Amino acid sequence: MRGPWRAALALALHIGFFVVSLGVIAGLLLMAGMTFRRDTVGGLKVAFAAIVVGAVLVIGLRAVLRNRVRPRGVPVDRVNQPNLWRTVDQLVDATDSPLPDEVRITSEPRVDVREDTALLGLRTRTRYLEIGLPMLAALTTAELGATLAHSVGRLTGRSKLTVTAHRVLASVQRTVDGLTTGPVRWLFAGYARVFTAIAVTTTKELVLAGDAAAARVAGKRAAVMALRKSVAVELAWRDYTEQYLSLAADIGHAPDVLLGFRSFVDHPARKPELAERAKQAIAEERGELPVRTRVELMKRIKAGDKEADDRPAFAVLRKPRSAVPELEDRLLVDSLGPRMPWPEVVRLAGAAQVAEKAGRLSAAAHQCGLGVDPTIQGVLAAIHRGYGRDLVNPVLNPGLHPSTLDQAAEDTLTELLGCTVVDALICAGRAHHELDWGGPPAVRLANGRPLDPDRLVRPAVADPRLIPGLHRVLVDLGVPLHHTREPAEEPEPTLAGIVSPVQCSGEAYDLLVTDRGLLLLPSDASAAKRLLAGTLAMLREAEEEQLSELASRPVLELRERSGAQWVDSRDIASARLDQDKAGWSLEVDLYLDEYAMSTLDDLRVVTGGHEGVSVLTLRSTADGVEHGEPYNGLAELMGARMELDEPALSLG
C-alpha cells in the first residue's frame with residue numbers, strides 16, 4: 001500500500017488512538033449508569049472504576065500531549081530583514097506552500113522547517129523556518145534558494161494527507177524520545193512502532209517532493225549543487241567549531257564567525273579536501289533514500305536550468321556588515337567578551353594554550369619524584385639521563401594499554417616540551433602564533449621564519465643522545481633555557497554523563513561518570529517516584545531538571561556533599577562489566593593504600609582481595625535513567641583496564 005492510502009490509514013489509526021481512549025471512559029460511564037439503575041452499589045463500583053481508569057488515561061494523554069517544539073535561534077522580522085522575507089514569500093508562492101510564522105537564524109548547518117503542533121501533529125500551532133548561519137556563509141544565493149525551496153516544498157508534498165501523516169509521525173517520534181521510563185512510555189512506544197511502520201513512507205515522499213520543488217524553482221544545477229554542498233557544509237562546520245571557534249571560547253572573545261567560516265571553506269587547501277570527504281560520505285551513505293539516489297532522481301526531473309546567482313548567500317540579508325555581527329552576538333557568542341579579529345584571537349589563544357602545556361610539564365616534573373628541575377634546561381637533562389618516560393608518567397592516562405605506553409610517553413613529552421619552548425619564545429617576544437585557515441595555527445619567529453616545535457623536539461625525545469644538539473639549536477634560537485611556568489593545578493573533572501540511580505552496598509546512588517573518576521552521590525528518589533515520573537509529566541520534568549542541575553554543578557563541589565563517594569581513576573587497577581536481562585553490574589578493583597586518591601567509606605568496598613585490591617560493585621536498576629553519555633565516558637575512563645563480558649553493554 002503506497003501513496004495517500006497509506007497516509008490515510010496512518011491518520012485513521014492516529015485518530016482512533018484518541019477515540020479509543022475517550023471511548024473507554026465513555027463506555028465505563030455508560031455501564032455505570034446502566035448498572036446503577038438495577039443495582040445502586042454495583043453502579044457505584046463501576047462508576048468508581050470508570051473514574052480511576054479515566055484519571056489514568058487523562059494523565060497519560062496529558063503526558064504525551066505536553067510535548068512542544070521550542071523555537072531555536074534568533075528571529076528575524078520583516079521590518080529588519082525585508083529582503084530575506086521577500087525571498088521566502090516568493091518561494092512560498094512558487095511552491096504553493098504555507099507561509100512560515102517565523103523565520104529564525106540558528107547555529108545548525110542546515111535549513112529546516114519545524115512545526116509546533118497540537119494533538120500529536122493533527123493541528124499546527126506555529127511553523128518555524130530555520131536557516132543555519134553556516135549555510136548563509138558557505139552557499140551561494142542560488143544554492144540557498146534551492147535549499148529553502150526544498151524545505152518549504154515539503155510542506156505541500158503530493159497530497160495534504162501525506163503532509164499531515166508525516167507531521168504526526170514527527171510528533172509521535174519526538175514524544176517517544178521525550179518520555180522517560182514508566183507505563184506511559186511502554187504503552188505509547190508500542191503504539192509509536194505500529195504508527196511508524198505504516199507512516200514511514202511519508203518521509204521519502206516529502207523529501208522527493210521537496211527535491212522536485214527545488215529543481216523547479218531554482219533550477220536543477222543549483223538544486224543538485226546545494227544538496228551535495230550541504231553534506232560538505234556539515235562536515236566543515238564540525239571541523240571549524242572544533243579547531244577555530246574553540247580558540248575564541250578559550251580566551252573569551254567573540255570572532256567574526258560567518259566570515260571566518262567562509263574563509264575556512266574557501267581556503268585552497270580546505271576546499272578540495274572537503275569536497276573529497278563529502279564525496280566519500282555521499283558514496284558511503286546508507287538508507288532508503290541516500291543523497292546519491294536523490295541526485296539521480298533530481299536530474300531526471302523535467303525542469304530547465306536557470307541563471308545562477310553566485311553571490312554569497314548572506315547577500316539576502318539587509319546591510320550584512322552590521323546585521324551579521326548582530327546575529328552572531330545574539331546567537332553564538334552572547335557569553336563571550338568584546339569582538340576581536342581572527343588573527344588576534346589565534347595569537348592570544350595560541351599563547352594561552354602553550355602556557356597551559358608548559359604548566360603541565362612543570363607539574364609533571366614536580367610529581368614524578370625524580371627531583372627534576374622544571375625549567376627547560378632541567379627537563380633536557382632528565383631526558384638525556386633516560387628519565388623521559390618517568391618524567392611524564394604523572395600526566396599519562398592510567399587506562400592506556402601497556403603496548404601503547406612508550407609511544408604515548410614520547411608523544412606527550414614531545415608535545416609538552418615543544419609547547420614549553422614556544423611559550424619561552426613568546427614570553428621573550430621572539431615568536432607568535434599566526435592564523436592559517438588551511439591548518440592549525442602556525443608558530444612564526446620574529447625573523448619571519450616558521451617553527452615546527454614537533455619536528456624540532458621529537459628526534460631528541462626519541463633518542464636522548466641527540467639532546468646536546470637540541471640544546472645548541474635552542475640556544476641559537478634565543479630560547480631562555482631557564483624558562484618555566486608555575487605547576488598547573490590538577491584539572492577539574494569533566495562530566496561525561498549520569499546514571500540515576502545505581503545500587504552500591506544495598507543503597508541507591510546517582511553515578512556521575514567523569515574523565516578523572518567516578519562520583520557516587522546518595523539518591524533520594526524512590527522507585528515509586530521514578531515509576532510515576534514516567535506517567536506524570538510534572539514529575540518527569542522535575543526529574544530531568546534535577547539531573548540537569550546536578551550536571552551543571554562543578555564536580556569538585558559535588559565531591560564535598562555529605563555521603564559522596566569518589567573513585568579516582570589513578571587508583572583503579574581493573575574493572576569488569578557484566579550484563580544480563582536484569583541490567584548490568586560493574587566491579588572495580590581498587591588500590592586503596594596510603595597513597596590512594598579515592599575517598600570511599602569502608603562499607604562500600606570489599607577489602608583483602610587478590611593482590612591486596614579492594615572491590616567496589618555497582619549495579620543498575622530497572623528504573624534507572626541516563627543523562628548525557630555516561631557509558632561512552634565509562635569506556636574512555638577505564639580504557640584497557642575494562643573487561644567486558646559477552647553479551648556486554650555497548651560502550652564507546
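**Backbone and packing terms in a predicted model**

Me: What makes Leu-120 buried in this predicted model?
Reply: The relative accessible area of Leu-120 is 4%. Buried means under 20%, so Leu-120 is buried.

Me: Why is Leu-119 called partly exposed?
Reply: Leu-119 has a relative accessible area of 43%. Partly exposed covers values between the 20% limit for buried and the 50% limit for exposed, and Leu-119 is therefore partly exposed.

Me: Where is Leu-119 placed, and where is Leu-120?
Reply: Leu-119 belongs to the loop between β3 (111–118) and β4 (123–132). Leu-120 is likewise in the loop between β3 and β4.

Me: What is phi of Leu-119, and what is phi of Leu-120?
Reply: For Leu-119, phi is near 55°, which is positive although the residue is not glycine. Leu-120 also has a positive phi, near 55°. Most residues other than glycine have a negative phi.

Me: Which residues make the contact, and how many of them are nonpolar?
Reply: From α8 come Val-207, Leu-208, Asp-211 and Ala-215, and from α12 come Arg-294, Leu-297 and Met-298. Five residues are nonpolar, two are charged and none is polar.

Me: Which peptide bond is cis?
Reply: The bond from Ser-500 to Pro-501 is cis, with omega near -10°. Pro-501 lies in β10 (residues 495–504).

Note on methods: Residues numbered from 1 in each chain as written. Predicted model: local features only at pLDDT ≥ 70, side-chain atom pairs only at ≥ 80, totals over all residues. Heavy atoms only, no water. Contact = heavy atoms within 4.5 Å. Helix = DSSP H or I, 4+ residues; strand = E, 2+ residues; numbered from the N terminus. Nonpolar A, V, L, I, M, F, W, Y, C, P; charged D, E, K, R; others polar. Buried < 20%, exposed > 50% of the residue type's maximum accessible area, 1.4 Å probe, protein only.
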